[in-house]
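Me: Could you walk me through this fold, one question at a time?

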Amino acid sequence: KRKLQTPEYDQIDERHRIKMIEYETTVISVADLDKYHSALDKALLRYHGIKIEEINKIIREVWTLTYKGEDISNIEIVSGEENARKTSKSYNYRVVMSKGNTELDMRGRCSAGQRVLASIVIRLALAETFCLNCGFMTLDEPTTNLDFANKRGLAIALAQIIATRSAQQNFQLVIITHDEDFVSMMKNELSTHTGFDMPERYFQVSRQQATDGHYYSKIHAIDWDEL
C-alpha cells in the first residue's frame, strides 16, 4: 500500500486508461492507413491502366494515319511492373511494334525514320491524353529522316489534330523546320479541312550580314498565300 502511494504509482489506473486509449487509437489508425494505402494503390493501378489504353488508342489511330510502310501495322506502349514492393514500385515502359500477330520491341529493330516517326506519334498521343488544358505544342524538325510518304502522312495527322482542336481557345501548334516541302504539305492538308481559320502567315528566320560586318538573325512574316 505504501508503494502504491508513491509518485511512481500515483493515479496509475487513470494513466493506464489513457495509455490504453492511445495504444488502441494508434492500432486503429495504422489499420486505417493500411486500408487507405491499399485503396490508393489499386486506384493508381487502375488509372495507370486506363491512361495506357487511351494513349495506345491514339497512337494506333495516328500511326495508321501517318505511317505509309507495310512492315509495321501498329505500335504501342507496353508497361511492366519491375518491383512489387510497396515502397519502391516502378514500371518499365517499352515501345512494341506489331505486324499481324507478331510483336517485337522497336528498340534496335527499326530504321531512323521509323524511330523519329514513332517518337512524334507517341508525343502527340501523350499531349492529347494529358495536356488538353495546356494546348501549346512544339515540334522541332519533325521530318528528320522521314521519306516523302511519311512526311505527307505526318502532315495529314497534324492537320487533322489542328482541325479537331481549333475550337480550343488555348491551342497552339508551333512547328520549327527547314523543310519547305513539309510546309507546303501542311498548307495543302489544312486547306482540305473546314470549320476553322487558316493561318494568316508563317515566319521565316534567316541570317543576314549587317553593315557592321556582323551576322544577325531576322524574322520575316510571310503571307500564307505566298507559299
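Predicted model: local features only at pLDDT ≥ 70, side-chain atom pairs only at ≥ 80, totals over all residues.

Me: In what order do the elements of the protein chain run from the N terminus?
Reply: The protein chain has four helices and seven strands, taken as DSSP runs numbered from the N terminus (helices H or I, at least four residues; strands E, at least two). From the N terminus on, their order is α-β-β-β-α-β-α-β-α-β-β.

Me: What radius of gyration does the protein chain have?
Reply: The C-alpha trace spans about 105 × 55 × 40 Å along its principal axes. The rule for a globule is 2.2 Å times the number of residues to the power 0.38, with the radius taken over C-alpha atoms. A compact globule of 227 residues would come out near 17 Å, but this chain has 30 Å.

Me: How is helix 1 oriented relative to helix 3?
Reply: The axes of helix 1 (residues 12-66) and helix 3 (residues 148-165) come within 7 Å and cross at roughly 135 degrees. Axes are lines fitted to C-alpha atoms, for helices over the stretch in contact, with angles from 0 to 180 degrees between N-to-C directions. Under 35 degrees counts as roughly parallel, over 145 as roughly antiparallel, 65 to 115 as roughly perpendicular and the rest as oblique. So helix 1 is oblique to helix 3.

Me: Which residues of helix 1 meet helix 3?
Reply: Contact means heavy atoms within 4.5 Å. On the helix 3 side, the partners are A149, N150, G153, L154, I156, A157 and Q160. From helix 1, the residues meeting them are V62, L65 and T66.

How values were computed. Residues numbered from 1 in each chain as written. Heavy atoms only, no water.
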